[in-house]
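Please keep the sequence and the 3D view open while you read them.

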Amino acid sequence: MPEPIRMDRKGAEPTDPSESGAPSTATQRLNAWLRDLIEAGGSDLLLVPGSPAAIRFEGELRTIDDDALDGSQIEAAVLPVLAPRAAAMFRDVQIADASYRIEGVGRFRINLHRERGQTAAAIRALPSKIPVLSDLNLPSGIEALAPLTRGLVLIGGAAGSGKTTTLAALVHEINRSEARHIITIEDPVEYEHPHLKSVLEQVEIGTDAPDFPTALRAALRQAPDIVVVGEMRDPETMRIAVAAAETGHLVLSTLHTTDVASTISRISDSFPAERQNTIRQELAMALSAVVVQVLVPSKRGGRVPAAELLIVGYGARQHIRRNALQHIQQEITMSKSKGSFSLEESLAGLVRSGHLDREDALGYATHPDDLSSLLKN
C-alpha cells in the first residue's frame, strides 16, 4: 500500500488526497497513529469510544490525540485494513483478529471489537527483530527448555507479560542450533522466523487455516518435530496438543495464567467435569515444563521479567494425577536440582542485581515470607 501520509493531531486532510489508490482519510489517520506508536517505541495503540487515541509505553498509557473518538470513526479507520475474512467475521460476530502490515513502518496485530454498543480496537505492534533468549534478562534456567525433544511446555502469564516473546526466543534458539521441522500456529503470526538450521513453517489462523484445532490436526500430519501453538484457547486445541506431546512431539504453547498451579489447572478445568480426570492423567504424562512470567518496572528503566519454572518430574506428575495442585509450589522447591525455581527466587535475583527495591519485590511476590527469607541470606 502507499506510504502512510502523516496527519496533524486533529485528523486534518492528507497532503495529497487525490493520489490514486491512497487509503481513506480515516485509514490514513490510523496509519499516522501507528507510525507514532513505532516512533515512540510503544507496544499498543488503543482506540476506545469516548477517549482520544492512546499508546502504551513501558506499561503506561499516553494519549496521542486531542479529540475523543466515537465508534464510527474507529470502525471507518480500522475495518478497511482487515483481510476480507476478518472483516466478514467482524460484521457477523462483532469481533475479529487480523494482522496488518504498513511497508516501511511495521506489522501489527489488530483486535477489532465492540464495547458498550460501539466499535473499539486494540492494536499491538509486532516486533520485526527475532528475540534472542540471552537478551531477554530471563532467569537462568529457561534456556534448558530449548534442547527438549518431546513433551508439552507451557508458558503462562498475564496479557503483556512477554509470553509470546519468550516463546519466539525459544523457537529461535532451536532454529539456529537444531535441524528440526518446526510448525508454528498463530493468530496472527507475530514473529516472522527465517529458515536457519531448521525447516520452519508458520501457519496463520484466518489466512492459512480456519481455526486452531483444524490447523493443529493438519500440522500433525506433516511430520513435525516441534509444534508451536501461539495460544491454547479452547478444549479441543488443548486435547490435541496434549495428545501430540504424549506421542513424541515437542509442543510449545502459552496460556493466560498467573502461576504454575493455575497454568496446569487451566487445562483440566476447561473440560466438562466427566472428562477432567482423564485429561489430568494425560496431562501428567505429557507435561515437561511450565514457565510463568511477569514483567516488572526496573529501577534502571524499562521492564524486566521475573519468572518461576517447574521442571516436571515424578512428584509433580503424581500431584497432577490426583488434582493435588496445592502441592505444586512445594514441588518447585523440591525439584531445584532439576532446574526448577520459584518466583521469589527470581525476584530476589532482581533485588540483588539492582533492578528492584526490596519493597517493590515484596509487592510482586506470591509468597512474601519466602522472599524475605531469601533476601536475608
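1. H172 touches I130, P131, V132, H193 and L196, where residues up to four places away in sequence are not counted and contact means heavy atoms within 4.5 Å. H172 lies in helix α4 (residues 163-177), and helices (H or I, at least four residues) and strands (E, at least two) are DSSP runs, numbered from the N terminus. H172 is buried, with a relative accessible area of 14%; buried means under 20% relative accessible area, exposed over 50% and partly exposed in between, with a 1.4 Å probe and protein chains only.

2. Please bear in mind that this is a predicted model, in which local features need pLDDT of at least 70 and side-chain atom pairs count only at pLDDT 80 or more, while totals for chains, interfaces and linings use all residues. Residues are numbered from 1 along each chain as its sequence is written, and side-chain values use heavy atoms, with hydrogens and water left out.

3. Strand β12 (residues 287-297) is mostly covered, since 8 of its 11 residues are buried. Strand β7 (residues 151-157) runs parallel to β12 and is joined to it by 5 bridges, where two strands pair if DSSP finds at least two bridges between them; L152 has L287 in β12 as its bridge partner.

4. On β12 there is also an antiparallel pairing, with 9 bridges to strand β13 (residues 303-311), and Q293 stands opposite A307 in β13. The two strands β12 and β13 form a hairpin with 5 residues between them, and G301 in the turn has a positive phi of about 100 degrees.
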